[in-house]
Amino acid sequence: MGVTLDDDARQYLGAFEDVTGVDGRDCLITEGGNRLLIVVERGGMGEAIGPGGRTVQRFEDRVDAQVRLVEGADDPEAFVANVLAPAAVYNVTISENDDTVAYVEVAEDDHGVAIGTNGRTIDAARTLADRHFGIDDVQLI
């Protein structure tokens, strides 16, 4: 499934790749450009973060925005778990009935982490799961 990005997202990804040397697969821009969520190629998180977080910090300084990195995955279950990190995800089950829904079993203490401030994390999970795997909804259980 291909992801179509607008010009701003493409520019942010270009800058990300320039600063980090890591391929970005997707970019969500939220809060008027003050927050970016970058999906990093699988296996590229360490390089994108850099020693002591210096590489991602250099990117944040360049774009003047807070950045959250998510590691890409080849299967939808792993991808949804990665988007919800650092919440402890025990299991992801994809149900394909009328709609395709990812049911995510999260540690009871981590429900708030999985939802995020003002629902940001779960909303990002829903958006990215749809864009990358055609999943209509993500539900915590």
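Colleague: Which residues gather in a patch of negative charge on the surface?

Modeller: In this predicted model, the patch is formed by Asp 98, Asp 99, Asp 130 and Asp 136.

Colleague: Why is Asp 130 called partly exposed?

Modeller: The term covers values between the limit for buried, under 20%, and the limit for exposed, over 50%. Asp 130, at 38%, lies between these limits and is therefore partly exposed.

Colleague: How many helices and strands does the protein chain have, and in what order do the elements run?

Modeller: The chain has 6 helices and 6 strands. Read from the N terminus, their order is α-β-β-α-α-β-α-β-β-α-α-β.

Colleague: What radius of gyration does the protein chain have, and with what value is it compared?

Modeller: A compact globule of 141 residues would have a radius of gyration near 14 Å. The protein chain has 15 Å, which agrees with that expectation. Along the principal axes, the C-alpha atoms fill a box of roughly 40 × 30 × 30 Å. Of the 141 residues, 43% count as buried.

Colleague: Why is the contact of Asp 7 and Arg 10 called a salt bridge?

Modeller: The criterion is a side-chain nitrogen of Lys or Arg within 4 Å of a carboxyl oxygen of Asp or Glu. For Asp 7 and Arg 10 the N to O distance is 2.2 Å, so the pair qualifies. Both residues are in helix α1 (residues 7–20), and because they are 3 residues apart, about one helical turn separates them. Arg 10 is partly exposed, with a relative accessible area of 44%. The structure holds 6 salt bridges.

Colleague: Are Arg 131 and Asp 26 buried or exposed, or does either lie in between?

Modeller: Asp 26 has a relative accessibility of 0%, under the limit of 20%, and therefore counts as buried. Arg 131 has 24%, a value between 20% and 50%, so this residue is partly exposed.

Colleague: What makes Arg 126 and Asp 123 a salt bridge?

Modeller: The closest N and O atoms are 3.8 Å apart, and since the cut-off is 4 Å, the pair is counted because its distance is within that limit. Arg 126 and Asp 123 are 3 residues apart in helix α6, which means a separation of about one helical turn. Both are partly exposed, Arg 126 at 28% and Asp 123 at 40%. Asp 137 is linked with Asp 123 and Arg 126 in a network of salt bridges.

Colleague: Why is the phi of Asp 64 worth noting?

Modeller: Most residues other than glycine have a negative phi. Asp 64 has a positive value, near 55°, and is not a glycine. The residue lies in the loop between α3 (54–63) and β3 (66–71). Its relative accessibility of 66% is over 50%, so Asp 64 counts as exposed.

Colleague: What phi does Asn 118 have, and where is Asn 118 found?

Modeller: The phi of Asn 118 is positive, about 55°, although the residue is not a glycine. Asn 118 is found in the loop between α5 (111–115) and α6. Its relative accessible area is 74%, over the 50% limit, and Asn 118 is therefore exposed.

Colleague: Which residues does a cis peptide bond join, and what is omega there?

Modeller: The cis bond joins Ala 85 and Pro 86, with omega at about 15°. Most peptide bonds are trans. Pro 86 is placed in the loop between α4 (76–84) and β4 (89–96).

Colleague: How do you know that Val 39 is buried?

Modeller: Its relative accessible area is 0%, under the 20% limit, so Val 39 is buried. Val 39 lies in strand β2 (residues 35–40). From Val 39 to Leu 28 the C-alpha atoms are 8.6 Å apart in space, and the two residues are 11 apart in sequence.

Methods: Residues are numbered from 1 along each chain as its sequence is written. This is a predicted model: local features need pLDDT of at least 70, side-chain atom pairs count only at pLDDT 80 or more; totals for chains, interfaces and linings use all residues. Side-chain values use heavy atoms; hydrogens and water are left out. Patches are made of residues with over 30% relative accessible area and no salt bridge: like charges are joined within 9 Å, nonpolar side chains (Val, Leu, Ile, Met, Phe, Trp, Tyr) within 5 Å. Accessible areas come from the Shrake-Rupley method with a 1.4 Å probe; for residues, only the protein chains shown count as cover. Lys and Arg count as positive and Asp and Glu as negative; His and the chain ends are not counted. The place of a charge is taken as NZ of Lys, CZ of Arg, CG of Asp or CD of Glu. Buried means under 20% relative accessible area, exposed over 50%, partly exposed in between (1.4 Å probe, protein chains only). Helices (H or I, at least four residues) and strands (E, at least two) are DSSP runs, numbered from the N terminus. The radius of gyration is taken over C-alpha atoms; the globule rule is 2.2 Å times the number of residues to the power 0.38.
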